[in-house]
Amino acid sequence: MRVSRGVTSRRAVGAAVAAGLLLSAAAACGGGDDDKGGGSKTSAGGTELKGVTVSVAAKWTGTEETNFRKVLQAFEKQTGATVQYASTGENTDAYLGPKLAAHNPPDVAILPQPGLMQQYAAKGQLKPLEPDVVSEVSQNFSPYWKDLGSYQGKTYGVIAKAAYKSIIWYRPQAFSDAGVQQPPAAWADLVKDAGTLQDSGTTPFTLAAGPQDSWTLTDWFENVYLSQAGPDNYDKLAKHEIKWTDPTVAKALQTLAEIWGKPQFLNGGVATATKTKFDESITQVFGQNKAAMAYGGDFAAANIATTKAKVGTDAKVFAFPKAGDTAPAVIGGDVAVAMKDGKGAQALMKFLASPEAGKVWAGLGGYLTPNKAVSPDAYSDPIAKQLIQQMQQAGDSARYDMSDLAPAAFGATPGAGEWEALRQFVSKPTDVKGTQATLEAAAAKAFK
Amino acid sequence: MKPTHEGVPPAATAGGAAAVTGPAAPRRGARERLTPPSWLALLFLLPALLLLGFLVVYPIVYSVIRSFFDASGGSFVGFDNYTGVFQGHDDLVAVRNTVVWVVVAPTLVTIVGLFFAVLTERIRWATAFKLVVFMPMAISFLASGVIFRLVYQQDPDQGVANAALVAIHDTFKSGTTYPGAGPRTGGDQLVHEQGGAVLGSAPVSAGQTALLPLVKVKPEYLPKDAKPAAQPPAAKAGQVTGTVWFDFTKGGGGEQNKPNAGEAGLPGIKVEALRGGKVVAKATTGKDGTFTLKKVPSGAVTLRLPKGNFTASYGGAEWLGTTLITPAIIGSYLWVWSGFAMVLIAAGLAAIPRDALEAARVDGATEWQVFRRVTIPLLAPVLVVVLVTLVINVLKVFDLVFIIGGGDPNANVLALEMWTKSFGGGNDPGSGSAIAVLLFLLVLPAMLFNIRRLRQERK
């Protein structure tokens, strides 16, 4: 009896061990990334690139992806090439890094930050544009945008898509209910109107200060800083030529605290704000009517489209209020780069720099381009028309998003660097000194 | 054990020994005939060895080498990457969290698994129950992460966890009427705030009326039966009357501090009259916001709308806040893995001889004593295996932390830090590799333990 008993229980243990090992092995293998590559069909039209396959990687998903695929279809029609699109997910470097290390990158990649382009160009991982593509770029873009796509005198990138970040979205209904007739033009008015909205029973803001979307906080900061300290200081801070412990930074933070530091101004208070994702912050305003204003670039229109609110009537924008002398114009943008040699890659780059691509895209919405050859009439929605005019007005004082020019470790990593420092500042809005010290420490490490 | 040994006749042991040495010679001959020569065996093993070499050995060796170089891979930095893991606040948080995970999660999962396994032995629908508990294992971690992100949403209207907390809280303590409401900021006001309560600025005495305007009333808290604000009724002798209303005309305009047309009265607000800090009369506002304080003694009194009218409603716990985020994620891990522990422990439980339990019961042991002194010792080997397997698993927990934490540094663990450092923006494969090697070294003893155990059982 005893012997047999021992055997059975041992067998059970053995089976348990085996199952455990198997499971842990399975879990270890589970993390593999599956390529979301989806081929598009070739359609009739041009034939000069028939049989050529061009692979493209960009971070867009959802509506943005659908629209981009339509632009790619126009390219396929024009040339006869086949384009394969793959989404890189939010973290483009995490997707491209290993592929570059394995010498198997996509033909064309669309990078969310020029900083990343510089990084790849410095390592020689990008292919410079051919002369006819460069001339297409020079013809359609102003020198500022061409320079953003260049590294050490060579042009690598085409600004495929711009994002205008100096706007605040608001719900006109909430404003008129509170008796706010005109959207604020200066920071002091913004704070005052926020108070009036609060008096009327509407929470003024939603703040997307969740760890994964704290880039909205960096945008707030950039708008205030550009406005107060001016473009020259902005450029210096972007290159870390002045320190984050500078008094200009302190002033900008104190200004921000006039809104961030009032939990009653933020939907759900600080506890909710510091967990809110960007898309949630938009739907809270326009889907659930929980607040009156939300910060978001022009691209927020895509999020608003998922609610019942209509962009242009239920959701409007006003220019980010001036906190100082300069009217802020902060611009972001995605840079297309060629990562492999080949006719297909250069042809697609040329197409992306051409007004044709811009026109198709502008007609689909959720798109802005600094491409001069795309006229404001090409844009389908009125908001985009308004923004493209604002953008062209800003002219030389427009600046590229500072956090996207910084090394990713400082300006583009969830839970680290500038993102997290500003997120902590939302929780502790009185601690200007400490926030500056944290920012400077992180910047010093990243700009090494 | 001793009697058993004594019971075995020496001859048997000798025979056993002989059995090992005795037939050895003929068996060697058999091997020569039946098994292929060693070079051929090696040839057959070669593909597997090559594959293992490429996929397992080479990456490990390369990671170890890479971990001694800096971010660009250009210069040798010695052990700097390893010491770097334990420097800086954020890195230390990751180390601390990993320790918390390794200590808490496997223990908790094993205990809950044991609990479920023992219970399922005694219920009728055991299989159905087991199926339900095991089901989360069939969901990918990413999906589980997304589910629990929703569970832990801050807003009680969206997050189940907070909805439950608020429901429990509100059964014991009813919610307040107008959270967030208060006097208008700035200017010359009829009321002012003091310690959460709202006080009338001017003292009143019996026979007088008072206007107490409030703003910041959220529409969702305004009762549906609220009527337009009325002028306070005439006060008789010994009475103080007044109106508490939402002093905001929709669309702006309207004279401030006067109940204009279109402004709603605030029903259900408690009003107190104070003299020398003592409450001398009490009333509650009606549907049009008017109230009448009766039997007010002569002399000046101050009107107070106590704090209870305005304190913010209970919003639940801050699950994804600094302190609770790691426990919250461990909770989701428990949800996923307790089924696994339960199934393995239930298998072990089934193998426990019933007569041992019965013998204990016959000897007068209580159920708890049977469980504690018989079941657990007999189950110990299975429990240890489950625990060790979970430790291995917990050391590399990534998906749940990545999704639920969403990048919050307070939720960070080493496995996630490894990814962030090398790919997720850190751009430093050197320190990423160092963390990977460190994790490998931490997993190694647990792995060896499990493999040894497996070997022993095979013997």
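Biologist: In which sense do E4(B) and strand E5 of chain B pair, and over how many bridges?
Modeller: E4(B) runs parallel to strand E5 (residues 240-246) of chain B, and they pair over 6 bridges. Bear in mind that this is a predicted model.

Biologist: Thanks! Which residue is the bridge partner of Leu212(B) in E5(B)?
Modeller: That is Val244(B).

Biologist: What is the strand order of the sheet they belong to?
Modeller: The order is E4-E5-E8 in chain B, an open sheet of 3 strands with mixed pairing. Strand E4 (209-214) and strand E8 (290-293) of chain B are at the edges; each has a single partner strand, so one side of each lacks a neighbour in the sheet. From one strand to the next, the twist averages 20°.

Biologist: And what holds paired strands together in general?
Modeller: Backbone hydrogen bonds do that, in either a parallel or an antiparallel arrangement.

Biologist: What about strand E1 and strand E2 of chain B, parallel or antiparallel?
Modeller: Antiparallel: strand E1 (residues 191-194) and strand E2 (residues 197-200) of chain B pair over 4 bridges. One of the bridge pairs joins Val191(B) to Gly200(B) in E2(B).

Biologist: How many residues sit between the strands of that hairpin of E1(B) and E2(B)?
Modeller: There are 2 residues between the strands, and Gly195(B) in this hairpin takes a positive phi near 55°.

Biologist: Zooming out, how is chain B divided into domains?
Modeller: Domain 1 of chain B covers 85-156 + 319-427, and domain 2 covers 191-309. Their centres, taken over C-alpha atoms, are separated by 55 Å.

Biologist: Now chain A. What does its domain assignment give?
Modeller: For chain A, domain 1 is 40-164 + 332-396 and domain 2 is 167-328 + 406-446. The C-alpha centres of these two domains of chain A are 28 Å apart.

Biologist: Let me ask about one residue. Where is Gln139(A)?
Modeller: Gln139(A) is in helix H5 (residues 131-140) of chain A.

Biologist: Why does Gln139(A) count as partly exposed?
Modeller: Because Gln139(A) has 13 C-beta neighbours inside 10 Å, while a buried residue needs 20 or more and an exposed one has 12 or fewer.

Biologist: And how much of chain A is buried?
Modeller: Buried residues make up 56% of its 448 residues. The secondary structure of chain A comes to 20 helices and 13 strands.

Biologist: On to the two chains together. How many residues does the contact take from chain A and from chain B?
Modeller: The contact takes 46 residues from chain A and 48 residues from chain B. Among the elements giving two or more residues to the chain A side are helix H1 (2-29), helix H3 (92-101) and helix H8 (187-199) of chain A. The largest share of that side, 17 residues, is from H1(A). The side of chain A that touches chain B has 19 nonpolar, 20 polar and 7 charged residues.

Biologist: Where does pLDDT stay under 50 in chain A?
Modeller: Over residues 1-44 of chain A, for which the model has 61 contacts beyond four places in sequence. In chain B, pLDDT stays under 50 over residues 1-26, with 1 contact beyond four places in sequence. Where pLDDT is low, the predicted coordinates should not be read in detail.

Biologist: What about the averages, and what are the ipTM and pTM of the complex?
Modeller: Chain A averages a pLDDT of 85, with 90% of the residues scoring at least 70. Chain B averages 85, with 92% of the residues at 70 or above. For the complex, the predictor gives an ipTM of 0.78 and a pTM of 0.80.

Notes
Residues numbered from 1 in each chain as written. Chains lettered and ligands numbered in written order. Predicted model: local features only at pLDDT ≥ 70, side-chain atom pairs only at ≥ 80, totals over all residues. Domains from an automatic or database assignment. Pairing = 2+ DSSP bridges. Axes fitted to C-alpha atoms, helices over the stretch in contact; angles between N-to-C directions. pLDDT = per-residue confidence, 0-100. Contact = placed C-beta atoms within 7 Å. Nonpolar A, V, L, I, M, F, W, Y, C, P; charged D, E, K, R; others polar.
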